[in-house]
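Dear colleague,

Please find below the sequence and the structure that I am handing over to you. My notes on what was found follow directly after.

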Amino acid sequence: MELGLVGLGKMGGNMRERIRRAGHTVIGYDRNPDLADVHSLEELVGRLQGPRVVWVMVPAGAATQSTIDELGELLQPGDVVVDGGNSRWTDDEKHAEELAAKGIGFVDCGVSGGVWGLENGYALMYGGSAEDVAKVQPVFDALKPEGEFGSVHAGKVGAGHFAKMVHNGIEYAMMQAYAEGWELLEAVDSVTDVREVFRSWQEGTVIRSWLLDLAVNALDEDEHLDKLRGYAQDSGEGRWTVEAAIDNAVPLPAITASLFARFASRQEDSPQMKMIAALRNQFGGHAVEKK
């Protein structure tokens with residue numbers, strides 16, 4: 001089939017290549033002309049045969065909104081827009097409604113796979129009507145990993161990005177657990193080779209995972225992570241997961257704590273710990289460190 005692909009960065013560029021390897025035609029547009037096959041969204045739409053499918057892989061928020069707005073003016077009834085970025089599921093509902101008024105279908109798709117997706121395939125979670133999903137199915141089949149699993153029609157519009165959001169929330173908690181265990185192992189004198197302990201867990205243990213494999217890769221490159229600063233950004237999906245938990249009265253203590261741990265990484269000198277130190281000094285005369 002033919003596919004228009006908007007956004008050819010780290011994910012989008014590799015996705016274009018994987019879809020082409022599966023025998024499909026991909027016409028890509030990116031603001032960087034060195035990456036693009038065409039020079040505008042109008043040219044991209046003009047190159048596709050109807051019913052058209054255009055997949056959007058740009059940052060969530062304003063960039064996605066403006067791209068979908070422009071496509072809404074260019075596409076025809078029966079065409080489909082796929083948002084494969086990390087949009088909030090509530091935005092999906094808005095976009096679907098806006099496009100439906102013009103007879104254009106909408107599918108939201110959470111994509112996981114990162115820089116490894118070109119060779120290993122991408123885990124896909126998508127939402128939308130069965131009719132719209134069917135128009136995109138050959139591309140889903142091209143992108144997914146080999147085998148039975150790795151792709152799911154999660155439900156109606158918004159379900160794909162909601163499922164991907166929860167996936168990322170779980171990822172936050174898993175990474176935090178590995179990080180805490182690694183720090184504790186590094187802190188004691190009795191364990192003399194933390195990296196090899198992590199490596200030993202890759203086989204036969206209940207905590208083996210791809211994340212553990214990646215942790216071992218990182219330790220092979222920098223055994224004590226001395227080259228890194230202890231700072232971790234958050235993509236926003238961890239926050240959305242916690243907000244959704246509050247809205248639905250679902251307890252998420254591990255995921256919530258892992259999100260707050262990332263916020264702590266941005267503080268070189270914790271204001272909270274200043275108060276803790278002051279209180280310990282006040283009630284117990286415990287020593288404090290002065291700047």
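**Findings**

Lysine 102 has a relative accessible area of 36%, so it counts as partly exposed. Please keep in mind throughout that this is a predicted model.

The side chain of lysine 102 meets that of glutamate 73 in a salt bridge, with a distance of 2.7 Å from N to O. Glutamate 73 belongs to helix H3, whereas lysine 102 sits in the loop between helix H4 (89–100) and S5; the pair therefore ties together parts that are 29 residues apart in sequence. Glutamate 73 itself is exposed, because its relative accessibility is 61% and the cut-off for that class is over 50%.

**Helix H3 and threonine 64**

Helix H3 covers residues 62–74, and threonine 64 is found in it. Is threonine 64 buried or exposed? Its relative accessibility is 1%, so threonine 64 counts as buried. Which residues does threonine 64 contact, leaving aside its neighbours within four places in sequence? They are Val58, Pro59, Asp83, Ser87 and His95.

**The sheet and the helices across it**

The model contains an open sheet of 7 strands with mixed pairing, and their order is S2-S1-S3-S4-S5-S6-S7. Strand S2 (25–29) and strand S7 (151–155) are at the edges; each has a single partner strand, so one side of each lacks a neighbour in the sheet. From one strand to the next, the twist averages 25 degrees.

One pairing can be followed residue by residue. Strand S1 (residues 2–6) pairs with strand S3 (residues 53–56) in the parallel sense, over 3 bridges. Within this region, glycine 4 stands opposite valine 54 in S3.

Two helices that lie across strands of the sheet deserve a look on your screen. Helix H1 (residues 10–21) lies across S1, S2, S3 and strand S5 (105–112), and runs at about 160 degrees to S2. Helix H6 (residues 130–143) lies across S1, S3, strand S4 (80–83), S5, strand S6 (123–127) and S7, and runs at about 30 degrees to S5.

**Other salt bridges**

How many salt bridges are there? The count comes to 17.

One of them joins arginine 52 to aspartate 79, with the closest N and O atoms 3.0 Å apart. This pair links distant parts of the chain, 27 residues apart: arginine 52 is in the loop between helix H2 (41–47) and S3, and aspartate 79 is in the loop between H3 and S4. Both residues, arginine 52 and aspartate 79, are buried.

Another salt bridge is formed by glutamate 237 and lysine 164, where the closest N and O atoms are 3.8 Å apart. Glutamate 237 lies in helix H10 (residues 237–247) and lysine 164 in helix H7 (residues 159–187), so this pair ties together parts that are 73 residues apart in sequence. Glutamate 237 and lysine 164 are both buried. There is also a network, in which salt bridges with shared partners join Arg195, Glu196, Arg199, Asp220 and Glu223.

**A nonpolar patch on the surface**

Which residues form a nonpolar patch on the surface? The patch consists of Val115, Trp116 and Trp210, and together they have about 340 Å² of accessible area. Tryptophan 116 is placed in the loop between S5 and helix H5 (117–120). Its relative accessibility of 41% is the reason why tryptophan 116 counts as partly exposed.

**Points in the backbone**

Glycine 50 and proline 51 are joined by a cis peptide bond, with omega at about -10 degrees. Proline 51 lies in the loop between H2 and S3, and arginine 52 is in that loop as well.

Leucine 225 is not a glycine, yet it has a positive phi of about 55 degrees. Leucine 225 is located in the loop between helix H9 (210–221) and H10. With a relative accessible area of 24%, leucine 225 is partly exposed.

Alanine 249 also has a positive phi, near 55 degrees, in a residue other than glycine. Alanine 249 is in the loop between H10 and helix H11 (253–264). Its relative accessibility is 70%, so alanine 249 counts as exposed.

With kind regards

Key. Residues numbered from 1 in each chain as written. Predicted model: local features only at pLDDT ≥ 70, side-chain atom pairs only at ≥ 80, totals over all residues. Heavy atoms only, no water. Helix = DSSP H or I, 4+ residues; strand = E, 2+ residues; numbered from the N terminus. Buried < 20%, exposed > 50% of the residue type's maximum accessible area, 1.4 Å probe, protein only. Contact = heavy atoms within 4.5 Å. Pairing = 2+ DSSP bridges. Axes fitted to C-alpha atoms, helices over the stretch in contact; angles between N-to-C directions. Patch = residues over 30% accessible without salt bridge, like charges linked within 9 Å, V, L, I, M, F, W, Y side chains within 5 Å. Areas by Shrake-Rupley, 256 points an atom, 1.4 Å probe, with all protein chains shown as cover. Salt bridge = Lys/Arg side-chain N within 4 Å of Asp/Glu carboxyl O.
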